[in-house]
Amino acid sequence: MTSTTRTEDENVNGNGNGIQDAERYEIDTDPDRIDIGLVHLWLSTDAFWALGRSRDLVERSMQGSLNFGVYGPDGAQVAYARVVTDRATFAWLCDVYVDPAHRGRGLGVRLATAVRDHLAPYELKRTLLATLDAHELYAKVGFVPVADPTMLMVLSAER
C-alpha cells in the first residue's frame with residue numbers, strides 16, 4: 001500500500017531568512033521508488049549505527065520492512081526511514097537518515113510524523129526507536145523515554 005504525503009518546507013533553518021522558494025518534499029512508501037544504492041551508501045558510510053553494513057544486508061532489511069522515502073522537488077531521494085512491524089501490535093522505527101544537504105529543514109520531524117500517522121490506523125500497542133542524539137526531534141512527534149527501561153532486554157549478536 002502506498003501512502004503519499006506532500007509537504008512544503010517551513011522556516012526551520014535557524015537563520016531567520018526562511019527556506020528560499022519553499023521547496024516541496026514528498027514522502028512515499030512505494031518500495032519501487034526507494035534508491036537502494038543511495039540508502040546503502042548513506043547507511044554504510046555516514047550513519048554511525050550502520051557503518052560498514054553490506055548492500056545485501058540493507059536489501060534484506062528493506063524487504064522485511066515498511067520503507068519511507070522522502071523526495072525533493074526534482075524527484076531525487078533525500079531521506080529514508082524504515083519500520084519493522086507486524087501491523088498489529090508492535091513497530092520499531094529505525095534507519096532514519098536525512099541527506100546532509102537537506103538537514104535543518106524539518107525533514108526529520110516530517111518523516112517521523114509521516115511514520116506515526118501511517119501507523120496510526122493499526123492501533124499498535126507500542127512503537128519503539130533507539131536514538132543517541134535525536135531525542136528532541138522524536139519528542140516533537142510524541143515519542144517519550146521508556147517509562148521502565150528495566151523491562152526491556154536485548155539479545156545481541158555480540159554475546
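Visitor: Which element gives the most to the lining of the second largest pocket?
Guide: That's β6, with 4 residues. Strands here are DSSP runs of E with at least two residues, helices are runs of H or I with at least four, and both are numbered from the N terminus. Before we go on, this is a predicted model, where local features need pLDDT of at least 70, side-chain atom pairs count only at pLDDT 80 or more, and totals for chains, interfaces and linings use all residues. Residues are numbered from 1 along each chain as its sequence is written, and side-chain values use heavy atoms, with hydrogens and water left out.

Visitor: Thanks! Which residues lie nearest the centre of that second largest pocket?
Guide: T127, L128, L129, F143 and V144, out of 24 lining residues. A pocket is an open set of points on a 1 Å grid over the protein atoms alone, where a 1.4 Å probe fits and protein lies on both sides within 12 Å along at least five of seven lines; lining residues have an atom within 4 Å of a point.

Visitor: And how much space lies in the largest pocket?
Guide: About 940 Å³, while the second largest pocket holds about 630 Å³. Volume is the space filled by probe spheres set on the points, with grid points joined across faces, edges and corners.

Visitor: What supplies the lining of the largest pocket?
Guide: α2 (55-63), β5 (90-98), α3 (107-119) and α4 (135-139) each supply at least two residues. β5 has the largest share, 7 residues. Nearest the centre are W49, V96, D133, A134 and Y138.

Visitor: How does that lining divide by class?
Guide: Into 19 nonpolar, 6 polar and 8 charged residues. Nonpolar covers Ala, Val, Leu, Ile, Met, Phe, Trp, Tyr, Cys and Pro; charged covers Asp, Glu, Lys and Arg; the others, Gly among them, are polar.

Visitor: New topic: at what angle do α1 and α2 pack?
Guide: About 115°, with axes 10 Å apart. Axes are lines fitted to C-alpha atoms, for helices over the stretch in contact, and angles run from 0 to 180 degrees between N-to-C directions.

Visitor: Which residues meet there?
Guide: I36, G37, V39, H40 and L43 in α1 meet R55, V58, E59 and M62 in α2. Contact means heavy atoms within 4.5 Å. By class, that contact has 5 nonpolar, 2 polar and 2 charged residues.

Visitor: Last one: where does T89 lie?
Guide: In the loop between β4 (77-85) and β5. Leaving aside neighbours within four places in sequence, T89 is in contact with L124, K125 and R126.
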